[in-house]
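Hi everyone, thanks for coming.

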Protein chains: 2
Amino acid sequence: MNPAVRYELKHVCRQTGARLGVLHTPHGSFETPAFMPVGTQASVKTLDSAEVLGSGARMILANTYHLHLRPGEDLIRRAGGLHRFMNWEGAILTDSGGFQVFSLAKRRQITEEGVRFRSHIDGSEHLLTPESSIAIQRALGADIIMAFDECTPWPAAPDYARSSMERTLRWLDRSMSEHGGNERQALFGIIQGSTDSGLRRISARETVARGLPGVAIGGLSVGEPVELMRAMLETIRPLLPDDRPRYLMGVGTPDYILEGVLQGIDLFDCVMPTRIARHGACLTSRGRIIVRDAGSAEDFGPIDPDCDCPTCRSYSRAYIRHLFKAGELLGPRLASLHNLYYMQRLMAAIRAAIASDRLADLAGELAAAQQFRIGR
Amino acid sequence: MNPAVRYELKHVCRQTGARLGVLHTPHGSFETPAFMPVGTQASVKTLDSAEVLGSGARMILANTYHLHLRPGEDLIRRAGGLHRFMNWEGAILTDSGGFQVFSLAKRRQITEEGVRFRSHIDGSEHLLTPESSIAIQRALGADIIMAFDECTPWPAAPDYARSSMERTLRWLDRSMSEHGGNERQALFGIIQGSTDSGLRRISARETVARGLPGVAIGGLSVGEPVELMRAMLETIRPLLPDDRPRYLMGVGTPDYILEGVLQGIDLFDCVMPTRIARHGACLTSRGRIIVRDAGSAEDFGPIDPDCDCPTCRSYSRAYIRHLFKAGELLGPRLASLHNLYYMQRLMAAIRAAIASDRLADLAGELAAAQQFRIGR
């Protein structure tokens, strides 16, 4: 087997143990830790693919649930796959659809077979199973695809957390069987187990034992205290192979990303940068600002004087605030572009700090500059 | 007096009499006939200034009424003027605010002094006069500003059309007095007179007699049959000086623009290209298409195979339709960008046809290609 995706460990930070690596994919190689912007419906909201690439992002995440419902995987397959459909030359990871089925769909029924649900768009009935999730992801054609899992809600009763984790393992085997060692797409398994160390260890051992080209960690940053997330990551860390990428799903904000990096995580994704941008919130080197607030009204400087993104090079806070107040779509667009650049610059700073064995120092500097105060 | 704006007549089409010229402004020189995209609220909707410039537009229109109400001319003056506020390096024309007062504002009262009205945004009371309109436009800092006028509604009773036209002339004198020969901004007067040839001739003679650096024609394309618009343009044409630019306000669609060009018009503006784009309609070399309709669902080619705009170079009709159906803002954005490129390419084709004395031939070709069927 010649896996579609291969991870190369380059350096371990002597100050923190964080990992610097390179992920090789059929659509390019890039350094990790890396942050994936989210293109839920085959679009990173308000931005075109050239802008996303310009921010430094080399892999994006797209959502299987949304694309299955609209426009449907058959259309995307006939368009030549998701890369071509959305004109994205970098790598793509698709999730399994499981998370959205649990968070968005209506009247869902979980059985051993899979999840029956009604579309949040038109109420139509659908059945998502490990087999159909992989088949949909095959049609979409992402570089990395995810096994079908249940993202266990938090808090969960101990019995439920265990049975949910065990079902996710059985679904992993069915996902692998459906995937059949497809060499053009790398299948990642997902470690569940809620916030129970014992369950997390079982799930990690079993998932890793499958020998897949990457491992994801799901069901964290779902409402639990950050200390519990950290404890779970510490618990499973010794069980993860050094030569495979580790993906912490749905994370997140700069502080949570740093927590993950400190625990050896390589890949992250989150809608946060574009979602808060649409509400007028911008991440800056001095902490979050709400560009649509009155404080920006007469500020003719950029959102962030330390930022060289296209927004900050060309437009003032006062202008962007005006756009928001006037309901002009250019406002959310300029704020989204800025936030994507912020996230990519943050990841580049993290990678540079790992390379120079000073990630703990960087963490202190980011905290001192209030870059962790972004609101969630 | 060294006028801010100067028109240079380069060639008159031997086939049609249409004019090819160059307009020199403090923010660049460009060939005419030219089409100005509209940036109502200091933003050409969904697009950034680099994209608008990339389309070939060299002058845009911004609305005095909207900018006066929000964010206010004082803020824009302190930002360094409208060019700097919106980061637009080309030329800008601002209207007088009159048209919007009549079309958008509530509870307006017209007196000799001006127009008292309530804001459509918050109901606050305002008074717009020739003096205040010019003062607002001075603060905004456009290259070309417009005298305060009444855009006479159509149809109008003969007495009203005459008294409205006469008031517009008195307001022109007050506008000129307030302008005071400001050498950084060119003031244009506006010819009114509804669809009455006699009134149009009086208005044209009187307006031209003021010796301003440009002449605008208002109150046309406001619902009257195209034949009446054409007749009015033919009527006033012999009265207009060859060495001044002629601006047909609020026009328009490709067919109306061509009508204007054939009558010697040099400048046009309209919200149409961006407005119809937001509803999923695109102008193409084969006529209008509704990209959000089912007919685009499986069309993996561009909106227009003959178009080299950024949208057509990168994205398919099927993808753009998906964006519209999924409510993604990138859809209206890509359609708006395409339509702006279409309009600029149309104007370039018109200028080339004038230069080679074959504008009538081009008009026939455009009609045969159904490029005048765009719906209004």
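How many residues does the contact take from chain A, and how many from chain B? It takes 29 residues from chain A and 29 residues from chain B. Before going on, please keep in mind that this is a predicted model.

Let's stay with the side of chain A that touches chain B. Two elements give two or more residues to it: helix 3, residues 73–78, and helix 13, residues 317–325, both of chain A. Helix 13 of chain A provides the largest share, with five residues. If we sort this side of chain A by class, we get 15 nonpolar, seven polar and seven charged residues.

Now, the sheets. In chain A, look for an open sheet of eight strands with parallel pairing, in the order 4-14-13-12-11-10-6-5. Which strands stand at the edges? Those are strand 4, at 34–36, and strand 5 of chain A; each has a single partner strand, so one side of each is left without a neighbour in the sheet. On average, neighbouring strands in this sheet are turned by 25 degrees against each other, if we ignore direction.

The partner of strand 5 of chain A is strand 6 of chain A, residues 91–94; the two run parallel and are joined by four bridges. To find the pairing on your screen, click on Leu61(A), which stands opposite Leu93(A) in strand 6 of chain A.

Another pair of strands in chain A is worth a look. Strand 11, residues 186–191, runs parallel to strand 12, residues 214–217, and four bridges join them. Here Ile191(A) stands opposite Ile217(A) of strand 12.

Over to chain B, where three strands form an open sheet in the order 7-8-9, this time with antiparallel pairing. Strand 7, at 106–110, and strand 9, at 125–128, are the edge strands of chain B, each pairing on one side only. From one strand to the next, the twist averages 15 degrees. Strand 7 of chain B pairs with strand 8, residues 115–118, over three bridges.

Next, helices in chain B. How do helix 7, residues 158–179, and helix 8, residues 197–209, pack? They meet at an angle of about 5 degrees, with their axes 10 Å apart. Angles under 35 degrees count as roughly parallel, so that is what we call these two helices of chain B. Helix 7 of chain B brings Ala161(B), Arg162(B), Met165(B), Leu169(B) and Leu172(B) to the contact, and these meet Leu199(B), Ser203(B), Glu206(B) and Thr207(B) of helix 8. By class, this contact has five nonpolar, two polar and two charged residues. A handy reminder when you look at such lists: an α-helix has 3.6 residues a turn, so residues three or four places apart point the same way.

My last stop is helix 14 of chain B, residues 330–355. Its 26 residues reach 38 Å from the first C-alpha to the last, close to the 38 Å expected at 1.5 Å a residue. Helix 14 of chain B is mostly covered, with 21 of its 26 residues buried. Just after this helix, Asp357(B) takes a positive phi of about 55 degrees.

That's my tour; questions are welcome!

Note on methods: Residues numbered from 1 in each chain as written. Chains lettered and ligands numbered in written order. Predicted model: local features only at pLDDT ≥ 70, side-chain atom pairs only at ≥ 80, totals over all residues. Pairing = 2+ DSSP bridges. Axes fitted to C-alpha atoms, helices over the stretch in contact; angles between N-to-C directions. Parallel < 35°, antiparallel > 145°, perpendicular 65-115°, else oblique. Contact = placed C-beta atoms within 7 Å. Nonpolar A, V, L, I, M, F, W, Y, C, P; charged D, E, K, R; others polar. Expected span 1.5 Å × (residues − 1). Buried ≥ 20, exposed ≤ 12 C-beta atoms within 10 Å, placed from the backbone.
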